[in-house]
Amino acid sequence: MSRARKEKSSEVLQYYRTLYGTWGAQHWWPAETRFEVIVGAYLTQNTAWTNVELALAKLRTAHALSVEGIREVSLVRLQRLIRSSGYFRQKATRLKTFVAFLDKKYGGSLDELFEQPTDKLRKELLSLNGIGPETADSILLYAGNHPVFVVDAYTRRILDRHGILPEKTDYEEIREIFQRVLAPIAGQQEASPATTSLSVESVFRGAAHPPSAMSTAARTALVQVYNEMHGLIVGVGKNYCGKSTPKCDQCPLQPFLLAVK
């Protein structure tokens with residue numbers, strides 16, 4: 001990375017401070033169990049989160065939102081349950097593949113799965129059909145509390161529009177930048193559970209959700225910072241940095257965009 005690009009990427013830390021100061025904790029990822037996070041990471045591919053929530057609700061009602069539930073439900077019924085998430089045939093097969101992998105490699109235990117070193121587990125997840133870097137890192141960060149940053153389309157769009165990195169930059173380069181830049185602020189914090197309170201006014205700030213069992217689980221300071229930064233970026237993307245109709249004048253990051261211009 002060039003010196004100029006490296007200096008520009010250092011602004012990411014200021015983005016975190018600005019967004020967190022404006023919106024506070026995002027309580028992302030909204031889920032009650034680790035396995036619900038994993039299922040959500042699969043289902044959210046190429047669809048809106050509202051569609052994922054419908055599918056999760058149907059799985060929950062059918063008592064299929066668990067390792068055992070996905071293992072036992074027929075493929076055809078699973079397809080029907082997650083139909084709202086789109087590409088439901090592919091996603092159903094991939095969920096079955098994940099559970100088969102978990103059973104074969106770790107005896108069906110999520111505890112054993114997430115006890116593995118981050119690099120080793122990331123490679124294993126990436127070897128599974130239907131898991132790319134974003135899905136793998138979502139599972140690692142939000143379900144397993146592993147210190148990896150999740151790069152999504154919102155991240156790429158914001159970096160590109162702010163003159164930090166082109167939108168087509170390699171995933172791993174973007175991930176490395178965020179992890180390097182955000183590490184110092186994590187070092188200034190103590191490991192602690194996420195806050196368990198969220199005011200009514202703040203529920204809709206950014207991409208915030210009401211607290212859930214997973215969003216309030218204990219985690220290291222570094223994992224918490226990566227967690228919050230991704231949620232904050234989702235908030236910018238959903239509310240201001242639209243693909244075709246950006247609302248830059250209203251965005252908390254507008255001062256940084258003006259500096260680019």
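**Notebook: pocket, loops, rings and holes**

I started with the largest pocket: 27 residues line it, and Thr 44, Thr 47, Trp 49, Tyr 154 and Val 234 lie nearest its centre. H4, H10, H11 and helix H13 (221–239) are the elements that each give two or more residues to this lining. Before going on, I noted that this is a predicted model, where local features need pLDDT of at least 70, side-chain atom pairs count only at pLDDT 80 or more, and totals for chains, interfaces and linings use all residues. Residues are numbered from 1 along each chain as its sequence is written, and side-chain values use heavy atoms, with hydrogens and water left out.

I wrote down what the words stand for. On a 1 Å grid over the protein atoms alone, a pocket is an open set of points with protein on both sides within 12 Å along at least five of seven lines; a cavity is a set of points where a 1.4 Å probe fits but cannot get out; and lining residues have an atom within 4 Å of a point. Helices (H or I, at least four residues) and strands (E, at least two) are DSSP runs, numbered from the N terminus.

The volume of the largest pocket came out at about 730 Å³; a volume is the space filled by probe spheres set on the points, with points joined across faces, edges and corners. Sorted by class, its lining has twelve nonpolar, ten polar and five charged residues. Here Ala, Val, Leu, Ile, Met, Phe, Trp, Tyr, Cys and Pro count as nonpolar, Asp, Glu, Lys and Arg as charged, and the others, Gly among them, as polar.

Next I looked up Thr 44, which sits in the loop between H3 and helix H4 (49–61). Is Thr 44 buried, exposed or partly exposed? Its relative accessibility is 24%, so I put it down as partly exposed (buried is under 20% relative accessible area, exposed over 50%, partly exposed in between, with a 1.4 Å probe and protein chains only). Leaving out residues up to four places away in sequence, Thr 44 touches Trp 29, Trp 49 and Val 52; contact means heavy atoms within 4.5 Å.

Ser 85 is in another loop, the one between helix H6 (75–81) and H7. I found Ser 85 buried, at 0%.

**The loop between H2 and H3**

I then went through the loop between helix H2 (11–23) and helix H3 (34–43), where I found Trp 29. Which residues does the cis peptide bond join? It joins Trp 28 and Trp 29, with omega about 20°. His 27 is in this loop too, and its phi is near 50°, a positive value in a residue other than glycine. His 27 is buried at 2%, Trp 28 at 8% and Trp 29 at 6%.

**Rings**

How many aromatic pairs does a search of the whole structure find? I got 13. Rings of Phe, Tyr and Trp (its six-membered ring) pair if their centres lie within 6.5 Å; planes under 30 degrees apart count as stacked, over 60 as edge-to-face and the rest as tilted. Trp 28 and Trp 29 make a tilted pair, 6.3 Å centre to centre and 50° between the planes. Phe 35 and Phe 98 are tilted as well, at 6.5 Å and 40°. That pair links distant parts of the chain: Phe 35 is in helix H3 and Phe 98 in helix H7 (residues 88–106), 63 residues apart. I also noted a cluster linked by ring pairs: Phe 35, Tyr 42, Phe 98, Phe 101 and Tyr 106.

H11 and helix H14 (254–260) each supply at least two of the lining residues.

The second largest cavity has about 50 Å³. Its lining includes Tyr 15, Thr 155 and Phe 178, and H2, H11 and H13 are the elements that give two or more residues to it. I counted that lining as nine nonpolar, one polar and no charged.
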